[in-house]
Amino acid sequence: MKPILNEYFIMLFQADFLRSIGKIYVVAIVSLIVWFGVAWYLLRLERKLKDVENQIKSFKS
Amino acid sequence: MERLKNLFSGLKWWKWAVLLIMPYVILMGFLVPLGQGITSITPGSTATGANINFRISAYNSQFSPDKSNTAWLKYHDLHLPAKLVKVLSPQEAEVIFDIPVLPDKSVKFADLSLIINTPEGPAVLPSAVSLRNIALDSTTIINEVWSDNKLNINKEANFNYPFRNLMAETIRNIYFHVPLWFAMTFVFMFSVFYSIRYLRKKDINDDQKALSLIAAGMLFGILGCITGAMWAKYTWGQYWSFDVKQNMAAISLLIYSGYFLLRKSLSDPDAKSRIGNIYSIFAFCMLIPLIFIIPRRYDSLHPGNGGNPALGADDLDNTMRTVFYPAVIAYICLGFWLAELNYRIIKIKNKIESHETYSK
Amino acid sequence: MLSQIVSLVKKDFTTEFKSQERIAGVILYLFSTILVLYYSLVKVERFLWVSIFWILLIFLSINALNSSFSKEIRTRHWYYYSLVHPLAVYFSKLIFNFIWLFVLTTLSILIFKVFFDVPPLRFGLFAVTLISSTLGIACIFTFISLISGKSSDQSTVMSVLATPLIFPIMMAGSRLMMNAFGLLSDTDYSADFLSIIAIDIVAIGLSILLFPILWRD
């Protein structure tokens, strides 16, 4: 298991990894960035919602 | 089953649009193959009078010696057929040309494009060969001639995206990066609509709507900058090439971050929303020349600059349109969805706060 | 309304010139900046001229126009509000800022010329660019200074809000300037000039629409 993972990481950090197979990994990274951005925004909303919920809780008690 | 029904009940149509179109965009964006394209040619230069043997390697191609393949060298309207196309492997071939003198003797150097025509469709390499146009001595006789007849090129046989040399597979980023900007502009436009409505009717909800729309637009703008930088690194060579559109994007983000700074710096809640909305209207109108007029006056690495309209036929063919426009709609709806969630949270918060002040 | 504007502009000039340390401060700032430029650059090429000019213009306008609404005390706002039409206040401020900025820019160019003698090739284009871009900058700064005058941290908000907003003017203006200095191969300047004029008109029109709302406090 270990050596395979190791090889995988070596491949990942090779200078030309992102340029291999017609630079398809650039597209993967771009779509991942979009996803992480949206996820970050959702997490922020989550935190805001939690604040509101806490406010309601403290208000009821 | 009941639970699933509850999950989707009461969803507005534009939320359905996000849920349905996004998978379509992702699937189409990643699964539809690229058309064939020529990646390299050796030698890269030649002179007239030569009997030359170009070795080309191609991407995503299925060259086969059993099928009829043809090739041309093209210079403006003139083209020269290859004497022979010899297929070495599905991705490699040799093309043999006898090159006569160009009819226009005054041209010293000419950039020729190479077109190869296979049953699957054509592949083009723009400015593939640089040709030195010299007069021939009488001993070399070449039967070929440059002609300007219509080229007989096969139609694209498969459903695929066009191959562009610098971009290769990253042409798919058009579905993930470009709609971010469309969505940002659209969301900002709607925020201006709510700002104006706030100033007319003084309904605090409109102000909160404008605020959350601007927040969602900012998210898209920031993502657009980051993804654009990533794409630029692997096509133009640098993360930030000080291209005019990149600068404009950065400046529009600066202008809108000024909006949040302004709101932070005002203490009175009424002044906060009033002045914030006035600034956002002013800022958006100042943004219009920044986005739509000025970039066209400058040379840019982006397509659609230096006078030509954006997204012409060269940048976006019909196959890509079938995915690109749905992607734009999906991103806009996603922006609205994110903004709406934010707005609802803000609204509840305000209600609680006003309730608390009442009860005290 | 015209007489109101004229009297308000007059009032602005008298108050500005009464506080001599403000004028002296701005002019001293100009001199020292140009002196620093002189010692660090010695010789200025044409293309450097354009960029230095724009940097100078931006900082000059931030310095000179930033307090156009803050020096009036709140109570005086009320006083004006009861007396004159809000648009008269706006136009008086705009005219004052435009004249003041234009005079300062012309002065800085004159001082500039003493140190670095680089004449523009097309003087008419140069002058027109100067007028149209200072008008746009004055308009945006007038509006933003009123907005930032209401906030707690005035000067920071002012520069953060105004600098990106004048960027389109700067881009088109620097292209026109380059044209005036004969640095561009494409000598057709009508589109750049039209875009500056369009920005000016949009900025003034928006200010006319939005200023009365902002003014009522």
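Predicted model: local features only at pLDDT ≥ 70, side-chain atom pairs only at ≥ 80, totals over all residues.
**Sheet in chain B**

I began with the open sheet of chain B, where 5 strands lie in the order β2-β9-β8-β4-β5 with mixed pairing. From one strand to the next, the twist averages 35 degrees.

Strand β8 (residues 109-118) of chain B runs antiparallel to strand β9 (residues 121-132) of chain B, and 9 bridges join them. I picked out A110(B) and looked for its bridge partner in β9(B), which is L131(B). As a reminder to myself, strands of a sheet pair through backbone hydrogen bonds, either parallel or antiparallel.

**Chain B as a whole**

I counted the elements and got 7 helices and 9 strands in chain B. Its radius of gyration is 28 Å, well over the 21 Å that the globule rule gives for 360 residues, so chain B is more spread out than a compact globule. I also noted the spans of the C-alpha trace along its principal axes, about 105 × 55 × 30 Å. Of the 360 residues in chain B, 38% are buried. Among contacts in chain B with a separation of 6 or more, 72% join residues 24 or more positions apart.

**Confidence**

I checked how far chain B can be read. The mean pLDDT of chain B is 86, and 95% of its residues score at least 70. Helix α3 (residues 178-201) of chain B has the highest confidence, at 94, and helix α1 (residues 2-8) of chain B the lowest, at a mean of 84. I marked residues 305-313 of chain B, where pLDDT stays under 50. For this stretch the model has 14 contacts beyond four places in sequence.

**Neighbouring chains**

Which helices of chain C supply at least two residues each to the side that touches chain B? I first noted that 25 residues of chain C are in contact with 24 residues of chain B. The helices are α6 (123-149), α7 (154-165), α8 (167-180) and α9 (190-215) of chain C. Of these, α9(C) gives the most, with 10 residues. By class, this side of chain C has 19 nonpolar, 3 polar and 3 charged residues.

Conventions. Residues numbered from 1 in each chain as written. Chains lettered and ligands numbered in written order. pLDDT = per-residue confidence, 0-100. Helix = DSSP H or I, 4+ residues; strand = E, 2+ residues; numbered from the N terminus. Contact = placed C-beta atoms within 7 Å. Nonpolar A, V, L, I, M, F, W, Y, C, P; charged D, E, K, R; others polar. Pairing = 2+ DSSP bridges. Axes fitted to C-alpha atoms, helices over the stretch in contact; angles between N-to-C directions. Rg over C-alpha atoms; globule rule 2.2 N^0.38 Å. Buried ≥ 20, exposed ≤ 12 C-beta atoms within 10 Å, placed from the backbone.
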